[in-house]
Each structure stands twice: as structure tokens, then as C-alpha cells.
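Morning, everyone. Please have the sequence and the 3D view open while I talk.

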Amino acid sequence: RMFHDDELEESEKFYVGQPRVLLLIYALYNTLVARSEMVCYFVIILNHMISASMITLVLPILIFLWAMLSVPRPSKRFWMTAIVYTEVTIVIKYFFQFGFFPWNKHVDYTKDKPYHPPNIIGIEKKEGYVHYDLVQLLALFFHRSILKCHGLWDEDEKGDSSSNKEDTDDELSLTGGRRDSSASLKSVNLAASVESIHVHFPEQQTAIRRKSSSSVSQLSHRSSFSSHRSKRVSYSVVKSHCGLCCFRTLQVYVPIRQFFYNLIHPDYSAVTDVYVLMFLADTVDFIIIVFGFWAFGKHSAAADITSSLSEDQVPEAFLVMVLIQFGTMVVDRALYLKKTVMGKVIFQVILVFGIHFWMFFILPGVTERKFSQNTVAQLWYFVKCVYFGLSAYQIRCGYPTRVLGNFLTKSYNYVNLFLFQGFRLVPFLTELRAVMDWVWTDTTLSLSSWICVEDIYAHIFILKCWRESEKRYPQPRGQKKKKVVKYGMGGMIIVLLICIVWFPLLFMSLIKSVAGITNKPLDVSITITLGGYQPIFTMSAQQSQLKDLNETDFKAFMASYRGKTAALQFLEGYGREDITLADLEGNSNSLWTISPPSREKMIQGLLDFSAEFTVVLSWSIQRTLETVYPYYIKAPSDSLAKPIKQLLTGMYCRWENITVSLVKNVSDEGVREWWVLNQLGKRYKTSEESLELLIFSDKVSPPSLGFLAGYGIMGLYASVVLVIGKFVREFFSGISHSIMFEELPNVDRILKLCTDIFLVRETGELELEEDLYAKLIFLYRSPETMIKWTREKT
């Protein structure tokens with residue numbers, strides 16, 4: 001070896017011989033050291049998520065618009081700004097914790113108010129007010145120590161001093177070489193300020209320096225000459241103040257302008273492509289909005305999207321958030337296709353300020369709770385911060401010069417195949433992507449031709465994946481398929497098809513027998529009307545009048561139907577907890593207010609035994625007076641209650657007769673009448689006037705599965721079996737029509753032709769794009785040429 005050291009070799013052996021847990025700790029520490037700036041960013045964002053105040057808002061914005069956009073790394077000035085700002089924040093928060101401030105006397109009353117000024121500013125009194133700030137300061141000092149260890153802390157100062165030497169000379173000449181002279185700045189007018197604080201480009205430095213120095217010398221001569229005249233003195237003082245203000249403004253504006261100019265026009269660019277990661281971050285945010293949309297609206301904390309949509313209601317907060325999120329994804333796609341860094345920078349600035357303003361100043365007012373108490377909003381903001389970091393990285397490195405195909409088509413394996421097919425199954429996603437790509441890409445193809453190329457490319461990619469899998473797992477010629485393959489793949493398909501066919505029956509059976517919830521009645525009401533006249537009886541049973549059967553009564557009830565097949569088949573689906581005994585008072589709870597003419601007419605109808613006189617019950621069943629009162633009522637999952645015919649047979653299980661009598665009460669207040677009903681065949685009550693009902697309540701599906709079981713078996717069959725069956729039928733039928741395009745032994749030449757179309761389009765060779773597209777169409781029109789093109793390579 002060229003170099004050998006025993007101590008280093010012994011040290012390496014000692015390190016390798018350490019336990020794996022300790023080696024893992026070493027590796028994690030090294031990762032922490034290598035990405036110490038990411039640790040600082042994470043702590044700063046976490047501090048802002050928990051504090052959610054104006055005083056912690058500054059550093060996250062500086063991260064996304066300064067630190068992450070700096071090339072090649074954030075400067076020392078940024079880290080010193082972050083450290084000093086954190087220290088000042090800690091001091092300010094500590095100072096405002098004293099109790100003599102008026103807003104600290106009613107902390108319990110104002111701590112949850114989002115628009116309370118101390119809460120917005122971040123100076124409210126609370127426990128652990130400075131914990132996260134101290135952790136943030138510790139992370140910043142840790143990163144500073146790492147930079148100092150590697151000699152990167154003072155590197156920026158050296159580079160700035162060498163590169164800005166001429167600018168320093170200009171500043172010295174501007175002040176006349178006297179830094180301690182305060183009068184020198186007062187003699188600077190507006191024109192000199194603008195000329196001396198120009199953006200310096202390499203080829204313009206000499207001219208600008210000469211121009212500024214000549215203007216300064218001329219300015220000093222004018223100032224000395226005007227000192228002999230009092231009117232010009234006053235004018236020059238006012239003018240010098242204006243120049244000083246503009247000088248200070250330009251001192252802030254020019255570096256910012258120069259920073260973004262260098263970002264958009266870099267000397268070199270390490271091109272990268274993180275659009276996929278940005279798209280995934282936006283997709284995660286989209287999912288958070290859909291499943292946690294209630295966090296972005298008012299008075300909707302207990303709602304969910306499925307219940308809101310089932311009631312045909314689209315929440316406004318959900319609609320606004322979805323449209324905004326989807327709109328940003330479309331704009332991001334357009335910027336990616338146009339490869340415009342300036343547009344991405346403008347979009348980044350608008351998004352950073354807009355989202356921070358909305359999340360921390362508008363959303364708390366809409367939801368009426370602080371951002372730190374809104375977990376879903378915090379999660380959405382954190383994922384959006386990841387998106388901001390990726391966007392800054394994309395801006396700093398620049399967009400790729402060529403965008404060829406889908407990112408899922410870069411490799412030909414099972415993972416890419418299934419992900420690509422899943423991508424194509426998402427409704428309207430493939431179509432929307434194709435149309436957007438056509439709109440924002442320079443091409444000579446029409447929209448239909450563009451979609452044709454995309455469809456051919458997708459089809460050829462799928463075939464390429466299958467051919468690659470056949471090469472990895474070849475099947476010897478003349479050998480039958482192994483049983484593992486046949487029973488593995490075939491058996492899985494058989495089980496899947498059987499499950500699809502019988503899923504609705506199994507689901508509807510299990511959902512109510514296993515996971516069903518007993519839906520006991522809360523109110524049982526009866527209204528009886530004779531012949532369409534004024535109701536004669538109204539009564540309801542509630543709370544204590546609705547009783548459950550005890551175990552003895554339930555067993556006796558079941559024993560009374562022994563030997564009756566129809567009744568036992570019905571009772572098999574009900575347990576003791578599903579039966580409710582309703583005890584209704586026999587006296588009507590309302591007076592009988594009928595007009596005298598109607599009363600006389602009803603009496604005549606009752607006396608005429610040859611005429612048919614009907615009685616109408618509240619559950620909309622019409623019967624003659626002979627058997628009017630059903631003893632057993634079924635309360636299904638819908639609102640229509642009906643008698644149980646299987647139990648209304650036999651000696652003890654017939655329709656019950658009732659007696660109806662009119663009671664008249666004469667008092668000083670006048671004559672009052674009401675009707676009294678009495679059931680003759682009561683089983684659980686004494687002989688006093690009353691009515692009994694046994695209600696059998698059907699189990700209902702849990703609320704979480706109501707959207708599946710709400711339309712019954714037929715609805716489930718129509719939505720599941722028929723729809724899935726249509727897709728399965730398309731897979732098994734019509735294969736003969738696609739043999740020409742499916743059975744292609746080698747698709748490499750066609751795949752290369754599609755890739756060439758993408759490539760010449762990106763390079764601007766639009767005439768060649770037309771020629772290659774015509775070649776591709778001719779290939780699919782000519783079966784003989786297709787056979788030649790797809791032969792195996794020899």
C-alpha cells in the first residue's frame with residue numbers, strides 16, 4: 001500500500017467490531033451531521049406549526065424564499081439572521097410573560113381566541129412558551145458548529161470580500177474616502193444614489209465605477225459652491241434627505257433583485273427533475289382535504305364527506321379547498337412543461353405568502369379555533385412545506401431540457417407495470433394529462449393524433465413489461481404448465497370471481513347479523529279514524545311505556561309458536577333485544593272535536609249494517625272493524641311499519657279485536673267527549689283499558705357501512721357485480737380482434753419509434769415529428785410491415 005498506519009487500521013478494526021446497535025447510532029449521527037440544515041428547517045417549521053404566530057412566521061418564509069434558493073448553500077448571513085432573530089424572539093417572549101400586562105390577567109378566557117392580538121403576535125402568556133425556541137436555537141448552533149468544523153462558516157465572507165472588492169472601492173469613492181464623515185452622505189442626491197447602487201454585471205463594472213466617481217466629484221464641487229447661498233442650502237438639505245431614503249431603499253431592493261436575477265440566470269445549472277415528488281406531495285394534500293375537509297370549515301367538526309354527499313350537500317369549504325389544490329397542480333404541470341424558471345419563482349413567491357396568510361390569518365377565523373388546535377390543518381401545512389422545499393430545489397437546479405414519457409415507464413418490471421395500469425384506471429387522469437401536455441408542448445400534431453401516440457406508447461410499454469417478464473421467467477418449449485402456476489393464478493382468479501358474484505348476499509347477511517345494530521323504536525303512535533271523519537283515537541307510547549321482554553316471557557313467546565314453520569322461520573332472525581313491548585293507554589290523549597252534522601252522519605253510517613264502514617290506522621292499513629288491530633308490528637330499516645302475517649295465525653296469534661266506546665263528561669265548562677279503546681286479547685296487561693303492541697325491530701347496518709348497504713341487495717348487485725362483471729367480460733371477450741396488436745414478439749423497435757417522436761418534439765424538430773408519426777400510423781395500418789418490425793432479433 002502507498003500509505004499504511006497501524007493506529008488507523010486498529011481504529012478501523014475497533015469500529016467494525018462494535019455492536020450493530022452502536023453502529024446504527026453512529027450512522028444516524030453521521031446522517032444528522034450531513035443534513036444538519038434540514039434539521040434546522042424541520043425544527044423551525046415545527047416551532048411555527050405549534051406557535052402559529054407572527055413572530056415565528058418570519059423564519060419559515062425566509063427558508064422557502066432565501067435559504068433553500070441559495071446556491072450552493074445558505075450563506076452565513078442567513079444563519080446569523082436566524083440565530084439573532086431566534087435570540088430576540090426568546091427575549092421578547094420572556095419580557096411579555098410578566099403579569100402586569102393587561103392581557104395576562106385573563107389568560108384562561110383569551111387563550112383559545114384566534115384573533116386575540118397577543119395570540120396573533122405570539123407574546124401570550126402560556127406554559128412552555130420558549131421550549132421550542134430553545135430547541136430551535138440549539139439546532140442552529142449545532143449547524144453552525146458543523147459548518148465551522150468543515151471550514152464553511154467563513155467561506156462566504158472570503159468570497160464576498162474578493163468578489164466585492166471593486167464595489168467597496170466604489171462605496172469609498174462615494175463617501176469621499178471619509179467613513180467617519182456624516183456630512184458626506186447628506187451631500188448625496190437622488191441621481192447619484194441611483195447611479196452608485198446599480199446592479200453590477202462583469203462587463204459593466206469599469207463604466208459604472210467611472211460614472212459614479214465622476215458624479216461624486218461633481219457633486220462635491222456643487223455642494224461646496226452652494227454653501228455660500230442660503231436658499232440653495234435649504235434646497236440641497238431636502239434633496240439630500242430624499243436621496244438618503246432612496247439610498248436606504250435601494251440598499252434593500254438591489255440585493256434582493258440581484259439574488260433572484262442570479263437564480264433565474266445562473267452561470268451553470270445542475271438540471272434535475274423532482275416534479276414527481278412535488279406531484280405526490282400535492283396528491284397527499286389532496287387526500288388530506290378529502291378525508292379531513294371538516295377542518296377547513298365552520299361548525300363541521302363532526303361531519304364526514306360520505307355523510308355530506310349522501311345528503312346531496314357539497315360543503316363550501318371542501319369545494320373551495322379542492323378547487324384551489326387542483327388549480328395549483330394544474331399550474332405546476334404547466335410550468336413544468338413550459339420549463340420556465342421565472343414563472344416557477346413567481347408562483348413560489350405567491351404560494352408561500354398566500355398559503356401562510358390564509359393558514360394563519362384567515363383559516364382560524366373561519367374555523368373559530370387556533371391553528372395550533374387544528375391537527376388536520378397542521379398536517380396539511382407540513383406536507384405543503386415539503387412541497388415548498390422540493391419546489392425550491394427545482395428552481396435552484398433548473399428544469400430538465402427534455403421531458404420524455406411518463407415517469408412510470410422508465411423501467412420494465414412488474415412494479416412499474418401495475419403502477420402504470422393503476423394510473424390509467426384513475427378516472428379522467430390520463431385524459432387530463434394528455435390534454436394538458438398537448439396544450440403546453442410545442443407540437444404539430446392534432447389533439448387526436450397526440451392521444452393516438454400516447455395510447456400506442458402505453459400499449460407498447462405494457463407489452464414490453466410482459467416480454468421482459470417472459471425473459472426473466474422463461475417457459476421451456478413443449479412442457480405443460482406447472483401446478484403451482486395453474487392453481488396459484490387460476491385458483492386465485494376463481495376465488496376472486498366467486499367472491500364478486502356472491503359478495504352482495506354475504507355482505508348483506510353478515511352486515512346485519514354480525515355487525516348489525518338494534519334500532520329500537522323511540523316512539524310508537526296510533527291514530528284511528530272511522531270512515532274518514534275526525535280521528536277518534538290518538539295515543540303514543542314513549543320511554544317507560546316501551547319495555548323489553550324478560551327472558552321468561554321471551555321463552556314462553558317462542559314456545560307458543562312451536563310447530564309453526566312460517567312463524568319460526570321469521571323469528572329465527574330476531575333475538576330478545578330486538579323485540580319491544582309497547583304499552584299504550586286506552587284513553588285517547590285528545591278530545592273528540594267533531595262538528596254536529598258530521599257526527600250525525602257518522603252515527604247513521606254505523607247504524608247501517610248493510611253498508612261497509614272502514615277504520616283507518618296510522619300505518620296506512622285499512623281493515624274492517626272485525627279484525628282491525630294487529631298485535632305484532634315489524635319495524636324495518638325504512639319508515640314503513642307493517643304487520644307480521646307469519647305470527648297473525650292460530651288460536652292465540654290472530655288479529656286482535658278491540659272495543660271502542662265514547663265517553664261523555666258533562667261539567668260547568670261544557671260537554672267533553674273522547675274515545676276509549678280496549679284490546680280484548682292482551683297477554684302482558686291487566687283487564688283495564690289499554691292497548692299492547694309487540695314491535696320487532698330489524699337490525700340496521702353501522703353508519704360507516706351505510707353507503708354500501710343503503711340500497712339493498714339489488715342495488716349492491718347492480719353497482720358491484722354488474723359493473724365489475726362488465727370489465728371482466730371485456731377481458732375475456734374480443735381477444736380475437738386484438739391478436740394483431742397483442743401478440744407482438746418484440747416491441748423494441750416500436751418503442752424506440754415512440755421515444756424518437758418524444759425526442760424530436762423536445763428538440764424542436766417538428767417536421768421530423770410529423771414524418772415519424774406518419775411512419776407509426778403506416779406501421780399500424782400494415783399487418784405485413786408490423787410482422788417484420790416485431791420479429792425477434794437474430
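One definition before we start: a residue is called buried when its relative accessible area is under 20%. Asp 437 has a relative accessible area of 5%, so Asp 437 is buried. Keep that cut-off in mind. And keep in mind that this is a predicted model.

Now the overview. The protein chain has 32 helices and 13 strands. Of its 794 residues, 36% count as buried. The accessible surface comes to about 48100 Å², and 62% of that belongs to carbon and sulfur atoms. What about contacts along the chain? Take those with a separation of 6 or more: 72% of them are between residues 24 or more positions apart.

Next, charges. Side chains of opposite charge can pair when their charged atoms come close. How many salt bridges does a search of the whole structure find? The search finds 19.

Start with Lys 384 and Asp 282. Their closest N and O atoms are 3.2 Å apart. This pair links distant parts of the chain: Lys 384 is in helix H19, residues 375–397, and Asp 282 is in helix H15, residues 275–291. They are 102 residues apart. Are the two buried or exposed? Both Lys 384 and Asp 282 are buried.

Second, back to Asp 437. Its side chain meets that of Arg 433 in a salt bridge, 3.7 Å from N to O. Both residues lie in helix H21, which covers residues 429–439. They are four residues apart, about one turn of the helix. Here is the background: an α-helix has 3.6 residues a turn, so residues three or four places apart point the same way. Arg 433 has 16% relative accessibility, so Arg 433 counts as buried too.

Third, Arg 576 and Glu 551. Their side chains meet in a salt bridge of 3.1 Å, N to O. This is another link between distant parts of the chain, 25 residues apart. Arg 576 sits in the loop between helix H25 and strand S5, while Glu 551 is in helix H24, residues 551–559. Arg 576 is partly exposed, because its relative accessible area is 33%. Glu 551, at 39%, counts as partly exposed as well. One more thing on charges: salt bridges that share partners join Arg 333, Arg 433, Asp 437 and Glu 454 into one network.

Let's return to H19. This helix has 23 residues. From its first C-alpha to its last it reaches 34 Å, close to the 33 Å expected at 1.5 Å a residue. Why call H19 largely enclosed by the rest of the structure? Because 17 of its 23 residues are buried. After H19 comes Gly 398, with a positive phi near 95 degrees.

Now look at Gln 348. It is in helix H18, residues 341–367. Its relative accessibility is 2%, so Gln 348 counts as buried. What is Gln 348 in contact with, leaving aside neighbours within four places in sequence? The list is Phe 64, Leu 65, Phe 388, Ser 391, Ala 392 and Ile 395.

On to strands. S5 is mostly covered, with six of its seven residues buried. Strand S4, residues 546–548, is joined to S5 by three bridges, and the two run antiparallel. There, Lys 547 stands opposite Leu 581 in S5. S5 is also joined to strand S12, residues 690–697, by seven bridges, again antiparallel. In that pairing, Glu 585 stands opposite Ser 690 in S12.

Some backbone details. The peptide bond from Val 71 to Pro 72 is cis, with omega near -5 degrees. Pro 72 is in the loop between helix H4 and helix H5. Ala 52 has a positive phi, near 50 degrees, and is not a glycine. Ala 52 is in the loop between helix H3 and H4. At 17% relative accessibility, Ala 52 counts as buried. Lys 339 also has a positive phi, near 55 degrees. Lys 339 lies in the loop between helix H17 and H18, and at 26% it is partly exposed.

Last stop, the surface. Val 484, Val 485, Met 489, Ile 493 and Leu 497 make a nonpolar surface patch of about 450 Å². Val 484 is in helix H23, residues 483–513. Its relative accessibility is 69%, so Val 484 counts as exposed.

Definitions and conventions. Residues numbered from 1 in each chain as written. Predicted model: local features only at pLDDT ≥ 70, side-chain atom pairs only at ≥ 80, totals over all residues. Heavy atoms only, no water. Patch = residues over 30% accessible without salt bridge, like charges linked within 9 Å, V, L, I, M, F, W, Y side chains within 5 Å. Areas by Shrake-Rupley, 256 points an atom, 1.4 Å probe, with all protein chains shown as cover. Salt bridge = Lys/Arg side-chain N within 4 Å of Asp/Glu carboxyl O. Buried < 20%, exposed > 50% of the residue type's maximum accessible area, 1.4 Å probe, protein only. Contact = heavy atoms within 4.5 Å. Expected span 1.5 Å × (residues − 1). Pairing = 2+ DSSP bridges.
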